Amino acid sequence: MKFEDRDIIECEGWALAHSLAIPGKRLPKATILTAALIEELHNNAVTKAQVFKLDPEDMNEDAAALQAANMIAGDNIDVKPAGRGRANLLARSDGVFLPDNAVDFINTLDDAFSAACKRPFARVSSGELVATIKIVPYGIPGHVLMTDKPAPKCRIANFKTFRANLISTGDSVSEKIIGVLTNRLSRVHGELQSHTVVKHSVSDVAGALGSMPDSDLVLLLGASAISDRRDVLPAAVEKAGGKIIKLGMPADPGNLLMLAQIGEKTVIGLPGCARSPALNGFDWILERFAAGLPLGRPEITSMGTGGLLKESVGRPAPRNANSLADKPATRQIAAIVLAAGKSSRSGDSHKLLAKVGENTVIEATIQNARLSGIQDLFLVTGSNHERIAATVANSETHLVHNENFVAGMGSSLAAGIVALPPEIDYAFVCLGDMPFIRASTFKTLKAEAKRCSERAILIPTFNGKRGHPVLWSRAFFTALSGLTGDVGGKRLLEEHSDAAVEIPVDDPGILIDLDTPELLAQFGVKPADP
């Protein structure tokens, strides 16, 4: 391939190496320069251009990328048509990605190749991009891909449907935990078909193992962690005629996992972190099981490299001894109360100015936060700014007026975050129309913030349902300050679900927001004064 900086009048038949813009027209790279185009460029004062021309034996970038992709595409991999020197490889089914050394093989053929893929044993979904091959120059010598070496293949070990039985010990497991396990199984095409609760004893667990319905997998969730081969769950497996394959795995969270076998049936003793939806070592074991991959002592032992997963934000003793969890005295917590909306759903009366007892709704909301000991409280106003500001004038509340309140809640939340002083470590985000949240809820969340790591989002729950206020770590302030429109913090919660820590509270008020006239009447809230 030739690649030169040439006088424009000498470029006929060559292709542009970079795009060129002239008045009213833009010529993209790789455009073949004809006599007419050269005349037009010359008339617009273009005198030189970087251009290229393939030699007869060369392959153009798209053909080279496509051929390389097809060389390494194995089972359950689809290759998409190439464009701009790039060919993508997609998963044809849900499963586990096995790259072998395929992209390394391509990259070593020539510097022209820049191939990349997902990590080994990554769980992938059908249609997901698993590898990509990019050709850096506009063409390569054809002989580069004429290699006698057999190319390794990347492939997907697809998930096969299976049934699992769960045996838990001690108290009954909550519906939420059952939901977490059910979702985890369904992601790898598994089904939880039964759940048995027994006493935390060797004989009771062994008895349950011997009488459970037929299944492909048995999950054991103990009332206490597995800490020794002589502990209840390992001893019960052996009493039931099984054998322990591996006790403990080099992944954190997930250390206290047990892999065992009873006849042809796989048994997994779950680590405590399996109760959480966040990624942990159990996921890796479950994915390999579902994909029918080898799963024994050697495979588990080799998981240590890369086995340090995300910090569990709710653990009282974080791995990082220098985290804020070890410095509770430095925790400074503020509250942002959102009161900028038009109250369009609550009828003729503005809901925040309606009366709860002797106070307005917004006064009651602020008062409960104050009773919990919060000193720094920021009230974001918008619609009805003057009346709401006058209502809280004597409460030592910092007023933040969002002039762009019509854009939606996201802009008001962002305005409140921007107003926080730099020393604030955590901030409550409160809705102004929730006056029934108890001060004790604020206190509980504040106390839990001192125990968590520096990247936590604390969410109160009542009877398993999430409510308000949400307590956000400073680690998320930048993202919150970038919110726009009517998108609140919910989207960020979805993106950072691994950082969410649910805190049960005895407070139905976390679920009650006064959105409509019916709710105002139901809770005895009187309309605002004219």
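These entries go from the sheet to the helix and then to the rings.

I am working with a predicted model, in which local features need pLDDT of at least 70 and side-chain atom pairs count only at pLDDT 80 or more, while totals for chains, interfaces and linings use all residues. Residues are numbered from 1 along each chain as its sequence is written, and side-chain values use heavy atoms, with hydrogens and water left out.

Sheet. I looked up the strand order and found an open, antiparallel sheet of three strands, β1-β5-β2, where pairing requires at least two DSSP bridges between two strands; helices (H or I, at least four residues) and strands (E, at least two) are DSSP runs numbered from the N terminus. The edge strands are β1 (2-7) and β2 (15-16), and Leu16 has Val51 in β5 as its bridge partner.

Helix. In α1 (residues 35-43) I find Leu37, Ile38 and Leu41 buried, that is, under 20% relative accessible area with a 1.4 Å probe and protein chains only, whereas exposed means over 50% and partly exposed lies in between. The face turned away from that buried side carries the exposed Ala36, Glu39 and Asn43.

Rings. I count four aromatic pairs, defined by ring centres within 6.5 Å, with planes under 30 degrees apart called stacked, over 60 edge-to-face and the rest tilted. Phe52 and Tyr138 are stacked at 4.2 Å centre to centre, with 0° between the planes; because Phe52 lies in β5 and Tyr138 in the loop between β12 (129-135) and β13 (139-141), this pair ties together parts 86 residues apart in sequence.

Note on methods. Phe/Tyr/Trp six-rings, centres within 6.5 Å; stacked < 30°, edge-to-face > 60°.
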